[in-house]
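Welcome! Here is a short briefing to read alongside the structure, going from its ligands to its core and strands.

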Amino acid sequence: MFKIQTLNNISVVGLERLPRERYEIASEIANPDAILVRSANMHDMEIPASVKAIGRAGAGTNNVPVAEMTRRGVVVFNAPGANANAVKELVLAAMLMAARNIAQAWRFACELQGDDAAIHEAVEAGKKRFVGFELPGRTLGVVGLGAIGVRVANAARALGMQVIGYDPTITVQRAWQLASDVKQALSLDDLLARSDFVTFHVPLTDQTRNMINAERIRVLPKGAVLLNFSRQGILDDEAVIAALDAGHLYAYCCDFPNNRLKGHPRVIALPHLGASTKEAEDNCAIMVADQIRDYLEDGNITNSVNFPDIILARTEGYRLTIVNSNVPNMVGQISTDLAAAGLNIVDMLNRSRGDIAVTLIDVDQPCPEATLAQIQAIDGVLSVRQLDA
Ligand SMILES: NC(=O)c1ccc[n+]([C@@H]2O[C@H](COP(=O)([O-])OP(=O)(O)OC[C@H]3O[C@@H](n4cnc5c(N)ncnc54)[C@H](O)[C@@H]3O)[C@@H](O)[C@H]2O)c1
Ligand SMILES: O=C(O)[C@H](O)COP(=O)(O)O
């Protein structure tokens, strides 16, 4: 029986991928084998030694102590692209809300007083305060052309906007998906100088934290709109508010309200709704549940943010999953221990990523506890598991 701890609400259709006869799932459970999480902050929690895998039912893993988990041999999965359409749709909605002053106009309409004739009169007198502008011909700068950024860029092209992208580490797959008339910015400043709207779709890292500060905002044309549906911390909120107050920025739309942003007349701050659609929640939960199950039951790894992909079809016999440092002679030492125990290797695969390597070994008989302990004791081995036949 595998034990799964959930730190946030995870869609039921995902949890149903983990059959009840093999999985016990609860928000509080002793010695879990794996943790399923959305945005709960795991940096300050004690992660039990029993944990072998963490599944982030979403994209960003900045709430998970990934480096520490790597040192412990714990695989961290996410659900790349599973919520990208949901975020794209919210970004488009926010662009339209900013361009047409929808939040301010709606607030105005909600506060109208008097009988219907008085309201009608106030509407016709007041609507001139909310005159907006249209999107075709305006330029959208997209920073980060991954699963979300590419979808936003292509949708903006379909709305008649000019689109410029900036992503120094774009993958070949994403470059293929991008509409061919999306222009490439030479640098972040090049993109900022040419954009009426700028939207950010990068992970929060030491490199992206505060990538938009007061100096960078000055590079933007007057009247630009910034959109942050990526993470709090990528833009310097104080600098954004100062630029809004000075009239340099037209509006700021984001998914991360705080005391400074909420209530500001030129800020549309939503309550982290980017991935909050039924479709996205289901997609993310299904993806990570399948990945966790494949790892716990068969040692296979897909969509990990810290471990290599490794997939070895299960045929017969017993499987060992070994996580070790990516240094010479690990496989040699492991096979020597197996040979000494008289075990025959039926199939084997080794994959590495950075400092970490994973070895899957299928053997014809169960591996004795003493041999497992011997392998675990090899310098550089982080974890050893024997999986059921
Ligand atoms: N608001 C929400 O609910 C919500 C939902 C999903 C994702 N997100 C956030 O959006 C981020 C992006 O999600 P995604 O699914 O597109 O991820 P992704 O990994 O598919 O794409 C991220 C892209 O950013 C690029 N990048 C990294 N550093 C960069 C830099 N300094 N400059 C320019 N580009 C850079 C990468 O090369 C990659 O192409 C997530 O990490 C998460 O923080 C928020
Ligand atoms: O990185 C993500 O996928 C989003 O921020 C979604 O977070 P959520 O799962 O808490 O909605």
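The shell around ligand 2 divides into two nonpolar residues, seven polar and one charged. In this scheme Ala, Val, Leu, Ile, Met, Phe, Trp, Tyr, Cys and Pro count as nonpolar, Asp, Glu, Lys and Arg as charged, and the others, Gly among them, as polar. This is a predicted model, in which local features need pLDDT of at least 70 and side-chain atom pairs count only at pLDDT 80 or more, while totals for chains, interfaces and linings use all residues. Residues are numbered from 1 along each chain as its sequence is written, and chains are lettered from A and ligands numbered from 1 in the order in which they are written.

**The two ligands**

- Around ligand 2 you will find Arg-38, Ser-39, Gly-58, Ala-59, Gly-60, Asn-83, His-272, Gly-274, Ala-275 and Ser-276; a residue is near a molecule if its C-beta atom, placed from the backbone, lies within 6 Å of it.
- Ligand 1 has 33 residues around it, of which Gly-60, Gly-144, Gly-146, Pro-203 and Gly-274 come nearest.
- The classes in the shell around ligand 1 are 16 nonpolar, 13 polar and four charged residues.
- Helix H3 (84-99) and helix H6 (147-158) each give at least two residues to the shell around ligand 1, and the largest share, three residues, comes from H6.

**The whole protein**

- The protein has 13 helices and 16 strands; helices (H or I, at least four residues) and strands (E, at least two) are DSSP runs, numbered from the N terminus.
- Its C-alpha trace spans about 90 × 50 × 35 Å along the principal axes.
- Of the 389 residues, 38% count as buried; buried means 20 or more other C-beta atoms within 10 Å of a residue's own, exposed means 12 or fewer, and partly exposed lies in between, with C-beta atoms placed from the backbone.

**The nonpolar core**

- In soluble globular proteins, nonpolar side chains tend to be buried together.
- Here the largest nonpolar core has 99 residues, and Leu-227, Leu-249 and Val-288 have the most contacts inside it; such a core is a set of buried Ala, Val, Leu, Ile, Met, Phe, Trp, Tyr and Cys residues joined through C-beta atoms within 7 Å.
- Not counting residues up to four places away in sequence, Leu-249 touches Ile-217, Ala-224, Leu-226, Val-240, Ala-243 and Leu-244; two residues are in contact if their C-beta atoms, placed from the backbone, lie within 7 Å.

- Strand E10 (residues 224-228) is largely enclosed by the rest of the structure, because five of its five residues are buried.
- Ala-224, Leu-226 and Asn-228 point one way from E10, while Val-225 and Leu-227 point the other way.
- E10 runs parallel to strand E9 (residues 197-200), joined by four bridges; strands pair if DSSP finds at least two bridges between them.
- Val-198 stands opposite Leu-226 in E10.
- From E9 the chain crosses through helix H9 (residues 214-219) to E10, in a right-handed β-α-β crossover; right-handed means that, with the strands pointing away from the viewer, the path from the first strand over the helix to the second runs clockwise.
- Five bridges join E10 to strand E11 (residues 249-254), also in parallel, and Asn-228 stands opposite Cys-254 in E11.

**Lys-262**

- Lys-262 is found in the loop between E11 and strand E12 (267-269).
- Lys-262 is exposed because 10 other C-beta atoms lie within 10 Å.
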